[in-house]
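These are my notebook entries on a structure that I looked up chain by chain. I set down what I consulted in the order in which I consulted it.

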Amino acid sequence: MSSLSLYGVSFDLVHLLLTSIGSVLPYPLDAWITNGTLVLVLSVLVFAAILLAASMINTIVLIWWERKLLGRFMDRRGAMHVGYAGLLQNFADGLKLFRKHTFKPAEADTLGFFSGPTAYMVTSMILFGVLPISTGWNSGSLPLSLLLALAIFSFAPLFIFVSAWSSNNKYSLMGGMRSAAQMIAYEVPLLLAVVAVVIVSGSFDLTTIVTEQQNYWFWGPLFLALVVFVAGMLAEMERIPFDLPEAEAELVEGWNTEYGGMLFAFFMLADYLRGLVGSFLVVLLFLGGWTMPSWVPGALTNFPLAGIFWFLVKTYLVFGLFVWIRASLPRVRTDQLLRVGWNRMIPLSLAAVFLAAALVTVKCLPVFGCLPSPGV
Amino acid sequence: MSAPPAPPMPRTAGSAAEAYRLEGELPMVEQPAVPFVEIETVRAREFIPAAKEAFGALIAEQGQAKLIRPTFNWAGRNSLFPLHWGLACCAIEFASAFSARWDSERFGIVPRSSPRQCDLMIVNGTVTWKVAHKLITLYEQMPEPKWVIAMGNCATGGGPFRTAYSVVPGVDKLVPVDVYIAGCPPRPEAMIDGILRLEELIRERRE
Amino acid sequence: MQSDDVARTVAAQIGERFLGLEPFPRTAGRLRFRSEAALPLFHTVKEQLGFHHLSMVGGIDWVTHREVFYVVWSDDRRQYLLLSADLPAAAPHIESAASVWPAANWHERETWELVDIQFDHHPDLRHLLLPDGYEAHPLLRSFQLHEPEELEVKQRSV
Amino acid sequence: MWINMGPQHPMTHGLWNLRVKIDGELITDCDPEMGYLHRGIEKISEDRHYNEVITLMDRTCYVAGFAWEHLYVLAAEEALHIQPPERAEYLRTLCEEFQRIGSHLMWYAAFVQDIGLMSPFLYGMRDRDLVLDLFQSYTGARMTYEYMRVGGVRNDLPPGFTGHARKVLDWLSDRFVEYDRLCLGSDIFRKRCDGLGVLSAADCVATGVTGPMLRSAGVKRDVRRDRPYAAYPQLDFDVAVADGADVTARYLVRMEEMRQSVRLLRQVLDWLDHHPGPVLADRLPRWLGAPYAPVGKEEYVLKRNYPKGVGFSSIEEPHGEAQAYVVNEGSEHPYRVKFRSPVFANLSATRHYLVGYRVADIPPIMGSVDICVGEVDR
């Protein structure tokens, strides 16, 4: 596994590079340069760089995907003049925000104002080191990767609240409060829905959860959990039926009202990173990750990087669902949101857990298998 | 022949240029010999301006004209975020420009509600003296670089309300304006054309 | 005709301070009254004649005097009634209608700041359309419009 | 805690400032601050010839320009003792009803955006453009038409207009069904809007609230029916009313009004097809449309022996009941022009329908009022 994993790839790369450098160097230097610790440190850096690039590119393409899709839902075109079909639009936005003047409102708290968005961005990025994308794309097998991912995922309200509070703006503050209340309320059903998956798959390791879905994807037997999970994810990602913290109609831009330039870019990027991670998690937990059912012709699943390809296809489709919801639903109110969260979602998720336990007990999972694959 | 030693950088107020100017006017004073190696801890707050200056000079010489400025100008002109607000009649046409038929988002023009996130203020309507100081506040809240478009006759010069007691005769009396769009109100095409003209201005911008 | 009924009722209530009911096309007429009788008249018009809805309050500067007029509507009669009173040009004032018709509140604020008619016992008489501290009254005849003075055009500093 | 919502705020749809006192998310007091768009239209009108005031009327309410032109023209004709030809009255009715649809579509677009529905905003704007295209075909402008004249209208319809207009009406009738499905079909929409911003019929009358807000409280009051003007006496339509007096009721009333407008327009188009004729009264005073020149104080002195008069008109504007009061002192300029804006009255009652609800309810409630700041501040 390790030789296949992305981390292995970066290790090999660095090793090759350093040995070729070492081969032309005199005695004490070549031994020093090919030493194991250095290779390890450098390969970790290379691994992080690959992850960073991959996540950034994916996020930017995701934003493009949302803008185009939203445009189509609204009977218009979306970005189309910058680059082919507007593909470069988000790069232009990013560069422009990078170029903008960085400032701090006079009454804002310096430490919180600058550290909030940065920490929000960083925690969202760490998630990419945890989630396996394909058989070759993980940092090694973590036995509790699902828990770790969700733990990091739930850091965000803290940082949003810090940045909202330190902005010293009434709208920001209200947005931050709403954000904290909402994320905490929806954390519980989200985790309970995950518990259902864990009960069925018997593991906290995302790689194991995906390999468990080789025969049948979990969305069929665990449909209730899927519904709860998607709703919770929408609230966590602050997308439109639950985008109260940024409710444009009443709280100008919500908690990022006072942010401009690069810090605002951080917020936008982190939001979409979380959107990407949310779609990843839906695919990993319920839609079979990078596996494909056996009735799909082998030619479609056996080419190089097929796992990543199918994983990304599923991810973008799931995100397309989120965009669809955004295009067609109005926003709910804070009290309604919290009432739904505590009164409806938690009983539903508990029901999902019990259902999963019952399914495991009576061992009738294959009956629910959405895509039965007798061959495997 | 070796170049004369550079005069010491003044530690306090003033700049290097000032020191050079003084040098031309005053007779040279004999300088004590400077030791070749001076062991001194470089403090970050001294290092950063120096590095900035050095890199700034480098960039100004080599990269800026050909690479950096065009790149950022490309980015800046292709993603103009106008401030989302409506003053008067033109605001309706402003909104129409974002509707399905004209769809300004094709050009990367996305209205933002917070002035902090905007590059462009489109003054779409009559500006009254009552709202003037709020308009200036909004303008000042926008981070640099920023632009202003006066949309319609009222924003350009008061329009049909020019003689009224409460109307500012043109928003350029309050904030600097880059592009004026004629019309009462201008059609959405005209607004998009104005923004595209602003993009031309940004393309030629040197800073 | 219903307007007879209006004239009779009002005359019975406010006596000689009722100055007559002029015909006005497609309304119940234009009722002229002395400004001292404002409050009893408003009560009569609203409660006895059923004009529950105040639509508009406005003022006219006739240079020699000022006129304040009200437009009220009755759902039962399906008719408008115009009330109008002349006020002296120096220190024009009249009792506020806001206690009878709450709708008069903003209309009277506007009339006060534009036509300079003081409304006594108004709950909240401050500037509505013009900025606070604006001292002129633009809709007076003495207020002249003119071409704006030339102001300096701001230039981009960068 | 007092917060300022405006003048630059996505909720305001114009230039005004809603100062709100909140306790947590609950509204305990509010105080609208108007006048940011006060352009002195009533004063400038005293400086203009009668037909030149029409230019200002388009800009008074920029989403319902035709309605305000009509309002002013009716009052001015009464003040100047002019009778327009019958075809002009039908044309004005056509303009006003199309304008009602256009204005309500604009309202729909703004309102659904306030509660977070993104796509219908675009749909509303898209369909409004079809109505504006019709206007453009016979006035040449999308929003500021300057089409009506004291004594008639400027020009007749272009050939083939009625056929095209009927197609637009057919298209719009289908779209109304779609709008209802998008809004009323959504549970979240009903949860957001039901029982919100309630203003009872008694409160409406006391505070001078008119138009769809009043009719949503069950009061069947419509100037087109109660005091008919233009071609309305000959036309057949129902007054849209609803119960509940809340945001949903206002939505229903406006939607029904658009359907009634379609019904009215079909009748008007049929009449126009079969009754050609002049559209401008003959023997009008020539100075009605003299070129504009700024005048001094002495110009107000009576110059001609034109009969004096006072004109009062009242029409059912898309936002409610608008009134105009025009005083003609025999000169070529109106001596005094006074307008009653329905939104002015509707906004003055803010405290009655906003206090007690939550901050998140402000956009739907204010959206359901349908604000056009131009006519409030004038």
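I began with helix H4(A) and found eight of its eleven residues buried, so H4(A) is largely enclosed by the rest of the structure. I took a residue as buried if 20 or more other C-beta atoms lie within 10 Å of its own, as exposed if 12 or fewer do, and as partly exposed in between, with C-beta atoms placed from the backbone. The buried residues of H4(A) are A:Gln89, A:Asn90, A:Ala92, A:Asp93, A:Gly94, A:Leu95, A:Lys96 and A:Leu97. Helices (H or I, at least four residues) and strands (E, at least two) are DSSP runs, numbered from the N terminus.

I noted that this is a predicted model, in which local features need pLDDT of at least 70 and side-chain atom pairs count only at pLDDT 80 or more, while totals for chains, interfaces and linings use all residues. Residues are numbered from 1 along each chain as its sequence is written, and chains are lettered from A and ligands numbered from 1 in the order in which they are written.

Next I looked up the packing of H4 (residues 89–99) of chain A against H11 (residues 261–286) of chain A: the angle is about 145 degrees and the axes are 6 Å apart. Axes are lines fitted to C-alpha atoms, for helices over the stretch in contact, and angles run from 0 to 180 degrees between N-to-C directions. H4(A) contributes A:Gly94, A:Leu97 and A:Phe98 to the contact, and H11(A) contributes A:Gly261, A:Met262, A:Phe264 and A:Ala265. Two residues are in contact if their C-beta atoms, placed from the backbone, lie within 7 Å. I sorted the residues of this contact into five nonpolar, two polar and no charged. Ala, Val, Leu, Ile, Met, Phe, Trp, Tyr, Cys and Pro count as nonpolar, Asp, Glu, Lys and Arg as charged, and the others, Gly among them, as polar.

I then turned to chain B, where three strands form an open parallel sheet in the order S1-S2-S3. S1 (120–123) and S3 (179–181) of chain B stand at the edges with a single partner strand each, so one side of each has no neighbour in the sheet. The twist averages 15 degrees from one strand to the next. S1(B) pairs with S2 (residues 147–151) of chain B in the parallel sense over four bridges; two strands pair if DSSP finds at least two bridges between them. I found B:Val148 in S2(B) as the bridge partner of B:Met121.

Finally I looked up two whole chains. Chain D has 15 helices and eight strands, and 63% of its 378 residues count as buried. Its radius of gyration is 21 Å, which agrees with the value near 21 Å for a compact globule of that length. The radius is taken over C-alpha atoms, and the globule rule is 2.2 Å times the number of residues to the power 0.38.

Chain C has three helices and seven strands. Its radius of gyration, 19 Å, is well over the 15 Å of the globule rule for 158 residues, so chain C is more spread out than a compact globule. Buried residues make up 42% of chain C.
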